[in-house]
Amino acid sequence: MRKPGAKARIREFFLANIGVIVNSIQVRDAAGVSVSEWARRLRELRGNDHWPILSHHDRADLKPGQYVLMESPPDKPAVSFTRPISAKLRAEVLDRNGFTCQMCGKCPGEIDPETGRKVRLHIGHVKDKSLGGKDELSNLRALCSTCNQGAKNITGEKPTAIWLLSQVRRCGQDEQRAVYDWLRTKFGQ
Ligand SMILES: [Zn+2]
């Protein structure tokens with residue numbers, strides 16, 4: 001018979017002993033569960049809930065029957081398994097977006113002033129997956145690491161031509177010259 005609350009007691013016991021090696025007898029006594037139930041709960045905690053509980057299979061210094069919760073477990077169990085976006089779809093998104101971050105306009109190889117590192121592009125969702133956005137071409141866009149990290153649940157509006165021109169007018173001649181050079185390489189004379 002499964003006692004109500006056994007899982008909660010097991011969780012509580014491990015949370016009170018983060019980083020401490022415990023054995024199955026202690027778990028059994030603390031949670032009042034049978035060895036077979038404890039084995040089932042352990043599979044649940046490690047599998048569905050992603051708790052980093054190690055056993056002698058994972059760490060050489062642990063004996064059979066010894067366990068250790070390595071660190072605070074994740075707040076929420078993972079909602080669903082996300083399938084990675086296929087290489088073909090990634091290539092389509094990057095190509096369509098001209099290998100340019102769709103929020104800040106940086107290209108791979110440029111130095112990101114935020115991080116001082118070379119820009120790397122990722123595939124981001126226009127509508128976040130947590131809001132029901134799908135892994136479809138129409139919902140995907142190229143984003144640099146910096147924008148991708150800040151982009152969760154935010155839909156970045158594309159800048160309008162009027163806004164862009166106003167920005168170009170505001171900036172100095174050197175910047176305007178750089179824009180002109182870039183447009184020429186992109187569109188020709
Ligand atoms: Zn960016």
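Which side chain meets that of Asp 135 in a salt bridge? The partner is Lys 129, with 3.1 Å from N to O. Here a salt bridge means a side-chain nitrogen of Lys or Arg within 4 Å of a carboxyl oxygen of Asp or Glu. Asp 135 is partly exposed at 27% relative accessible area, and Lys 129 is partly exposed at 33%. For these words, buried stands for under 20% relative accessible area, exposed for over 50%, and partly exposed for what lies in between (1.4 Å probe, protein chains only).

A word on the model before going on. It is predicted, so local features need pLDDT of at least 70 and side-chain atom pairs count only at pLDDT 80 or more, while totals for chains, interfaces and linings use all residues. Residues are numbered from 1 along each chain as its sequence is written, and side-chain values use heavy atoms, leaving out hydrogens and water.

## Salt bridges

Across the whole structure, the search finds 8 salt bridges. Side chains of opposite charge can pair when their charged atoms come close. Three of these pairs are set out here.

| Glu 37 | Arg 41 | 3.2 Å |

Glu 37 and Arg 41 are 4 residues apart in helix H3 (residues 35–47), so about one helical turn separates them. Glu 44 also lies in H3, 3 residues from Arg 41, again about one turn. Helices (H or I, at least four residues) and strands (E, at least two) are DSSP runs, numbered from the N terminus. Glu 37 is buried at 5% relative accessible area, Arg 41 is buried at 6%, and Glu 44 is buried too.

## The zinc site

Which residues hold the zinc ion? Cys 101, Cys 104, Cys 144 and Cys 147 coordinate the ion through their SG atoms, at 2.2 to 2.4 Å. Donors are N, O and S atoms within 2.8 Å of the metal (3.2 Å for Na, K and Ca); water is not among the atoms, so sites may look incomplete. The site is tetrahedral, with angles of 103 to 117° among the 4 donor atoms; four donors count as tetrahedral if all angles lie between 85 and 135 degrees. Along the sequence, the donor residues follow the spacing C-x2-C-x39-C-x2-C. Both Cys 144 and Cys 147 are buried.

## Strands and helices

Strand S6 (residues 121–125) has 4 of its 5 residues buried, so the rest of the structure largely encloses it. S6 pairs with strand S7 (residues 140–144) in the antiparallel sense over 5 bridges, and His 122 has Leu 143 in S7 as its bridge partner. Two strands pair if DSSP finds at least two bridges between them.

Elsewhere, 3 strands form an open antiparallel sheet in the order S1-S3-S2. Strand S1 (21–23) and strand S2 (53–54) are the edge strands, each pairing on one side only. S2 is joined to strand S3 (residues 66–69) by 2 bridges, and Ile 53 stands opposite Leu 69 in S3. Helix H2 (residues 24–31) packs on this sheet, touching S1 and S3 (contact means heavy atoms within 4.5 Å). The direction of H2 makes about 75° with that of S1; axes are lines fitted to C-alpha atoms, for helices over the stretch in contact, and angles run from 0 to 180 degrees between N-to-C directions.

Notes. Tetrahedral: all angles 85-135°; square planar, octahedral: opposite > 155°, others 65-115°.
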